[in-house]
Amino acid sequence: MADRSLTQPIRRRLVAVAAGVLAVGGLTMVAGAPAQAASSPLCGYTNSQPEITVGSQGTAVKQAQCELNYAYAYAHSTNYGNGSYNGLTVDGDFGSNTEAATKNFQIHCMGATDPNGIIGPNTWSALNYWVNQPGYC
């Protein structure tokens with residue numbers, strides 16, 4: 001018989017991760033735990049992951065733009081602002097191109113039916129997951 005003290009925390013973590021990946025900014029499901037810091041060598045602008053949206057500026061936006069590129073944008077033929085490899089320009093300005101890439105990521109990588117274009121805890125969690133995968137979403 002398995003030791004429940006070891007299996008319960010693992011089961012809870014798996015459920016929390018699944019809920020975070022399926023949810024979009026708390027709109028389609030109850031918001032999960034706060035996003036964990038990014039651990040990818042590809043994007044090293046910041047470990048801060050606040051909620052960001054159109055009009056936001058700074059290093060957290062650069063981190064999100066970089067992660068959107070590696071998780072989603074580089075694999076698609078859509079050009080989000082003439083960035084390298086048809087990705088987003090990593091400029092720290094959350095504008096319409098970053099919003100469009102975020103909404104497409106939420107639809108195609110998180111299964112959102114009503115994407116909000118806001119990068120909150122659930123979208124950060126999904127970005128952190130996909131940026132660390134060997135392939136794109």
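Q: At roughly what angle do the axes of α2 and helix α3 (residues 96-110) cross, and within what distance do they come?
A: In this predicted model, the axes of α2 and α3 cross at roughly 45 degrees and come within 11 Å.

Q: Why are α2 and α3 called oblique to each other?
A: Angles under 35 degrees count as roughly parallel and 65 to 115 as roughly perpendicular. The crossing of α2 and α3 is at roughly 45 degrees, and the two helices are therefore oblique to each other. The crossing itself is left-handed.

Q: Which residues make the contact of α2 with α3?
A: Gln 65, Leu 68 and Ala 71 contribute from α2, and Thr 98, Ala 101, Thr 102 and Phe 105 from α3. By class, 4 of the residues in this contact are nonpolar, 3 are polar and none is charged.

Q: Which residues make the contact of α2 with α4, and how do they divide by class?
A: On the α2 side they are Ala 60, Gln 63, Ala 64, Glu 67, Leu 68, Tyr 70 and Ala 71; on the α4 side they are Trp 124, Leu 127, Asn 128, Trp 130 and Val 131. The contact has 9 nonpolar, 2 polar and 1 charged residues.

Q: How many aromatic pairs does the structure hold?
A: There are 2 aromatic pairs. One of them is Tyr 70 with Tyr 74, at 5.2 Å centre to centre and with 80 degrees between the planes. Centres within 6.5 Å make a pair, and planes over 60 degrees apart count as edge-to-face; the Tyr 70 and Tyr 74 pair is edge-to-face.

Q: Why is Tyr 74 called buried and Tyr 70 partly exposed?
A: Buried means under 20% relative accessible area. Tyr 74 has 19% relative accessibility and so counts as buried. Tyr 70 has 29%, between the cut-offs of 20% and 50%, and so counts as partly exposed.

Q: What makes the pair of Tyr 129 and Trp 130 edge-to-face?
A: Their planes are 85 degrees apart and their centres 5.2 Å apart, against cut-offs of over 60 degrees and within 6.5 Å. Tyr 129 is partly exposed, because its relative accessibility is 38%.

Q: How do you know whether Asn 69 is buried or exposed?
A: Asn 69, in helix α2, has 1% relative accessibility and therefore counts as buried. Leaving out residues up to four places away in sequence, Asn 69 touches Tyr 74, Gly 87, Leu 88, Val 90 and Tyr 136.

Q: Is Gln 57 buried or exposed, and why?
A: Its relative accessible area is 63%, over the 50% cut-off, so Gln 57 is exposed. Gln 57 is in the loop between α1 (4-22) and α2. Beyond its neighbours within four places in sequence, Gln 57 is in contact with Gly 92 and Asp 93.

Q: Why does Met 110 count as buried?
A: Met 110, found in helix α3, is buried because its relative accessible area is 3%, under the 20% limit. The C-alpha atoms of Met 110 and Asn 122 are separated by 9.2 Å, and the two residues are 12 residues apart along the chain.

Notes: Residues are numbered from 1 along each chain as its sequence is written. This is a predicted model: local features need pLDDT of at least 70, side-chain atom pairs count only at pLDDT 80 or more; totals for chains, interfaces and linings use all residues. Side-chain values use heavy atoms; hydrogens and water are left out. Contact means heavy atoms within 4.5 Å. Helices (H or I, at least four residues) and strands (E, at least two) are DSSP runs, numbered from the N terminus. Ala, Val, Leu, Ile, Met, Phe, Trp, Tyr, Cys and Pro count as nonpolar, Asp, Glu, Lys and Arg as charged, and the others, Gly among them, as polar. Rings of Phe, Tyr and Trp (its six-membered ring) pair if their centres lie within 6.5 Å; planes under 30 degrees apart count as stacked, over 60 as edge-to-face and the rest as tilted. Buried means under 20% relative accessible area, exposed over 50%, partly exposed in between (1.4 Å probe, protein chains only). Axes are lines fitted to C-alpha atoms, for helices over the stretch in contact, and angles run from 0 to 180 degrees between N-to-C directions. Angles under 35 degrees count as roughly parallel, over 145 as roughly antiparallel, 65 to 115 as roughly perpendicular and the rest as oblique. A crossing is left-handed if the near helix is turned anticlockwise from the far one by less than a right angle, and right-handed if clockwise.
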